[in-house]
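I record what I looked up and what I found.

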Amino acid sequence: MLSRDELHDLFEDLAGLPYGGEAVDQRTHALQAAAHAVAAGADDELVLAAAFHDVGRAREVATRYRGMPHEQAGAAFARDHLTERSAWAIERHVAAKRYLVAVDPAYHDTLSPVSVRSLRVQGGPMSPEEVAAFEAHAWSPDAVALRRWDDAAKDPEGPVLAMDDLVAAYERVMS
């Protein structure tokens, strides 16, 4: 289990770290995604998944899992420090974007220009076979919800979850 100081240090490591041309840094993005999860009534596991979904971009985590895409590095980190459900959603939040583009024609138009560019690199819309496999997993709705909070967490004026609230959620889940 991470200590309070380790959690604070991890999220401080995200402060000032660019978020691919978006108007927020990685820390604001993470805490904003978590705030959206709380506002949606998500349970603590999903609030943690929202907060940690891009932790694979944190310097320490990216170094430890060098060469892995951020969602895989984040999931590997989460498997050591969160629950399997949180790790699964983190690992699949990119796939959830591909899924939503495939099944919801209006979704593509909600993506930021940065997300549209990354979608091309990530493989574009899922094939019908990929959609069926994704939908077959019991936690696929969690990954879709996480994706939507991720997409909404790019507003420099948007709400962010206080670190004390994040630490409390972490302690409830991991104790």
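I take helices (H or I, at least four residues) and strands (E, at least two) as DSSP runs, numbered from the N terminus. His 29 lies in helix H2. I note that the model is predicted, that local features need pLDDT of at least 70, that side-chain atom pairs count only at pLDDT 80 or more, and that totals for chains, interfaces and linings use all residues. Residues are numbered from 1 along each chain as its sequence is written, and side-chain values use heavy atoms, with hydrogens and water left out.

Entry 1: His 29.
I use buried for under 20% relative accessible area, exposed for over 50% and partly exposed for in between (1.4 Å probe, protein chains only). I then listed its contacts (heavy atoms within 4.5 Å). Not counting residues up to four places away in sequence, His 29 touches Tyr 19, Val 24, His 53, Asp 54, Asp 150, Ala 153 and Lys 154.

Entry 2: H2 against H3.
I fitted axes as lines to C-alpha atoms, for helices over the stretch in contact, with angles from 0 to 180 degrees between N-to-C directions. The axes of H2 (residues 26–39) and H3 (residues 44–52) come within 7 Å and cross at roughly 155°. H2 is therefore roughly antiparallel to H3. The classes I apply are roughly parallel for angles under 35 degrees, roughly antiparallel over 145, roughly perpendicular from 65 to 115, and oblique for the rest. On the H2 side, the contact is made by Ala 30, Ala 33, Ala 34, Ala 37 and Val 38; on the H3 side, by Leu 46, Val 47, Ala 50 and Ala 51. I sorted these residues by type: Ala, Val, Leu, Ile, Met, Phe, Trp, Tyr, Cys and Pro count as nonpolar, Asp, Glu, Lys and Arg as charged, and the others, Gly among them, as polar. The H2–H3 contact has 9 nonpolar residues, no polar and no charged.

Entry 3: H6.
Where is the kink in helix H6 centred? I found it at His 93, with a bend of about 50° in a helix that spans residues 84–103. The bend at a residue is the angle between axes fitted to the seven residues ending there and the seven starting there. Because 15 of the 20 residues of H6 are buried, I record this helix as largely enclosed by the rest of the structure.
The axes of H6 and H9 (residues 140–152) come within 7 Å and cross at roughly 70°. That makes H6 roughly perpendicular to H9. Among the residues making the contact are Trp 88, His 93 and Tyr 99 of H6, and Asp 142, Arg 147 and Asp 150 of H9. I count 10 nonpolar, 2 polar and 7 charged residues in the contact of H6 with H9.

Entry 4: loop residues.
Ala 23 is found in the loop between H1 (4–14) and H2. At 54% relative accessibility, Ala 23 counts as exposed. Leaving aside neighbours within four places in sequence, I find Ala 23 in contact with Lys 154 and Pro 156.
Val 55 lies in the loop between H3 and H4 (59–64). Val 55 is buried, with a relative accessible area of 2%. Beyond four places in sequence, its contacts are Leu 10, Val 61, Gly 74 and Phe 77.
I placed Ala 162 in the loop between H9 and H10 (163–174). Ala 162 counts as partly exposed at 37% relative accessibility. The C-alpha atoms of Ala 162 and Ala 34 are separated by 9.4 Å, although the two are 128 residues apart along the chain.
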